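This report describes one protein model, section by section. Its sequence and structure are shown first.

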Amino acid sequence: MDITRVAIIGAGTMGNGITQVLAQAGIVVTMIDQSEDQLSAGLSTIERNLNRAVDRNRMSEDDKGLTLSLIETATQYDAVRAADLVIEAISEIAELKREVFQRLDELAPEHAILASNTSSISITMLGAATRRSERVVGMHFFNPVPVMQLVEVVRGVSTSDQTVAAVSSLTERIGKRSVEVNDYPGFVSNRVLLPMINEAIFCLMEGVATRESIDDVMKLGMNHPMGPLALADLIGLD
């Protein structure tokens with residue numbers, strides 16, 4: 001399947017990051033959010049990222065202009081009607097995602113793939129909310145999207161081989177690495193990561209070491225770029 005036009009649901013941190021990397025790869029993207037303010041903020045973030053790339057000689061002014069020209073915005077879900085792929089990137093609330101997938105199923109073209117950027121919610125459950133469960137898949141990007149290379153491609157119970165192949169191909173096309181996983185709680189990334197973060201918190205609570213020492217052990221001893229407590233803070237503790 002040739003994916004030439006993508007719609008992103010949500011203009012927050014993940015949504016605008018996914019929008020940016022797709023547009024940089026020459027793909028027409030429509031970023032959809034019910035809030036005009038959120039859309040403006042998302043576009044500002046993208047432009048700021050691109051300006052930084054230009055300042056560091058990683059991108060030309062012409063390429064920056066081309067990238068921005070490929071980004072459209074909308075406040076209504078009707079804008080998905082021309083999309084080959086729709087990627088949902090809203091808050092991690094299962095029922096809200098189900099409602100969004102039901103709506104997208106009604107509006108998106110019959111051939112379109114519906115993907116979720118969820119980091120833990122069941123793809124099988126989201127697929128069951130539609131009439132196209134074979135074309136529902138997880139595309140779990142990592143924050144910050146323009147920097148992180150991995151995309152977990154999550155196969156639900158009904159997800160077809162063709163759907164997995166299409167989104168995996170797109171992932172490689174935008175310069176990311178796709179890794180296929182099955183639909184289990186937390187997938188691979190969070191199933192492995194969160195117990196480690198929890199143990200780091202227990203170490204701090206029990207007085208095993210200071211937070212700086214805990215992070216240093218994991219950075220210097222395990223070659224992690226960031227300690228688990230610093231990472232937990234980055235992900236969001238409040």
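## Nonpolar cores

The largest nonpolar core has 36 residues, and those with the most contacts inside it are Val6, Ile18, Leu22, Leu85, Ile87, Met139 and Phe141. A nonpolar core is here a set of buried Ala, Val, Leu, Ile, Met, Phe, Trp, Tyr and Cys residues joined through side-chain atoms within 4.5 Å. Another core lies apart from it, with 22 residues, among them Ala108, Ile123, Val154 and Phe187. Buried stands for under 20% relative accessible area, exposed for over 50%, and partly exposed for values in between (1.4 Å probe, protein chains only).

Phe141 is in contact (heavy atoms within 4.5 Å) with Met14, Ile18, Ile87, Asn117, Leu150, Val151 and Ile174, not counting residues up to four places away in sequence.

## Basis of the model

The model is predicted: local features need pLDDT of at least 70 and side-chain atom pairs count only at pLDDT 80 or more, while totals for chains, interfaces and linings use all residues. Residues are numbered from 1 along each chain as its sequence is written, and side-chain values use heavy atoms, with hydrogens and water left out.

Phe142 is placed in the loop between strand 6 and strand 7. Helices (H or I, at least four residues) and strands (E, at least two) are DSSP runs, numbered from the N terminus. With a relative accessible area of 18%, Phe142 is buried. Leaving out residues up to four places away in sequence, Phe142 touches Met14, Met148, Leu150, Glu152 and Ser189. Its C-alpha atom and that of Ala83, 59 residues apart along the chain, are separated by 23 Å.

Gln20 belongs to helix 1 (residues 13-24). Gln20 counts as buried because its relative accessibility is 4%. Its contacts, not counting residues up to four places away in sequence, are Ile46, Asn49, Leu50, Thr67 and Pro146.

## Glu92

Glu92 is found in the loop between strand 4 (85-88) and helix 4 (94-107). At 38% relative accessibility, this residue counts as partly exposed. Setting aside neighbours within four places in sequence, Glu92 is in contact with Lys97, Thr118, Ser119, Ser120 and Ile121.

Two polar interactions involve the side chain of Glu92: a polar contact with the side chain of Lys97 (3.1 Å), and an approach to the backbone nitrogen of Ser119 at 3.1 Å. A polar contact is a pair of N or O atoms within 3.5 Å; within protein, one must be able to donate a hydrogen and the other to accept it, and residues adjacent in sequence count only if both atoms are side-chain atoms. The C-alpha atoms of Glu92 and Gly138, 46 residues apart along the chain, are separated by 13 Å.

## Helix 7

Helix 7 (residues 189-205) has 17 residues and spans 24 Å from its first C-alpha to its last, close to the expected 24 Å, which is 1.5 Å times one less than the number of residues. Ser189, Asn190, Ile197 and Ala200 are its buried residues. Seen down the axis of helix 7, these fall within an arc of 95°, so they line one face of the helix; the arc is that of the directions from the helix axis to the C-beta atoms.

The cover over the buried residues of helix 7 includes strand 6 (136-141), strand 7 (150-155), helix 8 (211-221) and helix 9 (228-235). On the face turned away from the buried side are the exposed residues Arg191, Val192 and Met205. Just after helix 7, Gly207 has a positive phi of about 80°.

## Domains

The chain is divided into domain 1 (5-182) and domain 2 (190-235), with bounds that come from an automatic or database domain assignment. The C-alpha centres of domain 1 and domain 2 are 30 Å apart.
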